[in-house]
Protein chains: 2
Amino acid sequence: MKVLLVEDEPHVASIINKGLSENGYNISVALDGITGLEMAASNNFDVIILDIMLPGLSGMELCKQLRNQKNNTPILFLTALGTTENIVAGLNAGGDDYLLKPFKFIELEARLNTLNRRKQMHINEEEDIQEIDTLRINFKSKLVHVDELEIALTSTEFRLLEFFVRNKNRVISRMEILEKVWGIDFNMGTNVVDVYVNYLRKKISNSKSNKLIQTVVGMGYIFKC
Amino acid sequence: MKVLLVEDEPHVASIINKGLSENGYNISVALDGITGLEMAASNNFDVIILDIMLPGLSGMELCKQLRNQKNNTPILFLTALGTTENIVAGLNAGGDDYLLKPFKFIELEARLNTLNRRKQMHINEEEDIQEIDTLRINFKSKLVHVDELEIALTSTEFRLLEFFVRNKNRVISRMEILEKVWGIDFNMGTNVVDVYVNYLRKKISNSKSNKLIQTVVGMGYIFKC
DNA sequence: TTTAATTTTGTAAAACTTTTAAATACAAAG
DNA sequence: CTTTGTATTTAAAAGTTTTACAAAATTAAA
């Protein structure tokens, strides 16, 4: 479970981080509100643990801003502010749970798991699309279009295309491709790469017969755009 | 907001009932576990407030049975049992929140609203009814029609169809399906997904023998429309 | 119990990947 | 300009993996 911990007290942050990490949680720490908001907005955490008294931006404000941005990541307030007014304010600001310091680790864990359990039925990932010339690749949906027409790629073809696009305008050796796309660490005289480059070229070549994937003799290939 | 209150102490039940009713909540009361389970199963509450020590069936057991029946109504435990063990047990049994007696009314309200907020978000994000080709799905009533003809889906089949529709036009891996529909976090060589996709295909395939659920070899499935 | 729902097992068929080998293209040397 | 050796492209065959589906086994519900 990917957890963001926003806590300004380095000592406290360290203890929580250690305690949760040891139990298999993947923790990222932000030591102030601004950093916390940035990390929460750009990454895709399963749960956010928020202190309220923070330098820069209070946890309460952070929560409100995140909700304003339509970010629905579950938020657990973990703070020493224990009055009913504080609790109600935190929950009404968009928080999902409110736990008081000092706390028991197993309770924190149980509450984190509870927040994470309610998985939504729809996959909540922002789009990751690249458009090159008349070629459109959606890395999340794994759909590829050329000239608005969907083309069917096999999984190996897709991975190869993804590797090219993510390393465009750069000569890539067959060896690199073999390592990253096929996971082969030593070349024993295979030419699968050549074969698959050929497949890809045929599939993504459009009416204008563009040469996106170019051969660099003696070096490898380059995806140029 | 429709709330079910399961509480055996008539006096306490009455106070909570009155306090919440006055603030616009629609409260139903069950005075024992068995009645509580029946009411929870047959009606459609937004939130359930559960005491733990109940005659007939403990709140903990009630919660477990409800979850076993795939009833996902948010549950808030409201009890005097305040040890960490109790809290963890309640949350792990499928509870969503745990509030100790004695409690402040405004905190109970805030926590109820928080639980209801998540539910609302989930449902209102999408249409209640989806029509794809000649297939009509009503997510509220859980009724599915093909060519104006009602088809009977089991609960697993329905959840799978719902997941497909909520993520249409996107390749979905078996792993993702297993996680979101079955709640399994690691694949130990099962192929239930394949089997259920086969069931669904048969049931929703209509006269025009449409191929809504397509296989993407090496990647998963896609619900295309 | 009986019935319905779910999961596991097994296998043929389909889809995909890799190898092979011949054809083609290219670069440097004569 | 032609030859020669090396690298690349291509198509087809061989091999492998993945998937579909039926049927049996297990589990849960009535």
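Which helices of chain A and chain B each supply at least two residues of the surface near DNA strand C? They are helix H6 (155-166) and helix H8 (192-204) of chain A, together with H6 and helix H8 (192-204) of chain B. Helices here are DSSP runs (H or I) of at least four residues and strands are E runs of at least two, numbered from the N terminus.

Before going further, a word on the model: it is predicted, so local features need pLDDT of at least 70 and side-chain atom pairs count only at pLDDT 80 or more, while totals for chains, interfaces and linings use all residues. Residues are numbered from 1 along each chain as its sequence is written, and chains are lettered from A and ligands numbered from 1 in the order in which they are written.

Back to the DNA. A residue is near a strand if its C-beta atom, placed from the backbone, lies within 6 Å of it. There are 21 residues around DNA strand C, and Thr154(A), Thr156(A), Thr190(A), Thr154(B) and Thr190(B) come nearest. By class, this surface has 8 nonpolar, 11 polar and 2 charged residues (Ala, Val, Leu, Ile, Met, Phe, Trp, Tyr, Cys and Pro count as nonpolar, Asp, Glu, Lys and Arg as charged, and the others, Gly among them, as polar).

Now look at where the chains meet. Here 28 residues of chain B are in contact with 25 residues of chain A, contact meaning C-beta atoms, placed from the backbone, within 7 Å. On chain B's side, helices H4 (84-92), H5 (105-124), H6 (155-166) and H7 (174-182) give two or more residues each. H5(B) gives the most, with 8 residues. This side of chain B divides into 10 nonpolar, 7 polar and 11 charged residues.

Next, step inside. A nonpolar core is a set of buried Ala, Val, Leu, Ile, Met, Phe, Trp, Tyr and Cys residues joined through C-beta atoms within 7 Å; buried means 20 or more other C-beta atoms within 10 Å of a residue's own, with C-beta atoms placed from the backbone. The largest core has 33 residues, and among those touching the most other members are Val3(B), Ile48(B) and Ile49(B). Leaving aside neighbours within four places in sequence, Ile49(B) is in contact with Val3(B), Leu5(B), Val6(B), Leu76(B) and Leu78(B). A second, separate core of 32 residues includes Val3(A), Ile49(A), Leu50(A) and Leu91(A).

Finally, chain A as a whole has 8 helices and 12 strands, and buried residues make up 29% of its 225 residues.

Terms used
A residue is buried if 20 or more other C-beta atoms lie within 10 Å of its own, exposed if 12 or fewer, and partly exposed in between; C-beta atoms are placed from the backbone. Two residues are in contact if their C-beta atoms, placed from the backbone, lie within 7 Å.
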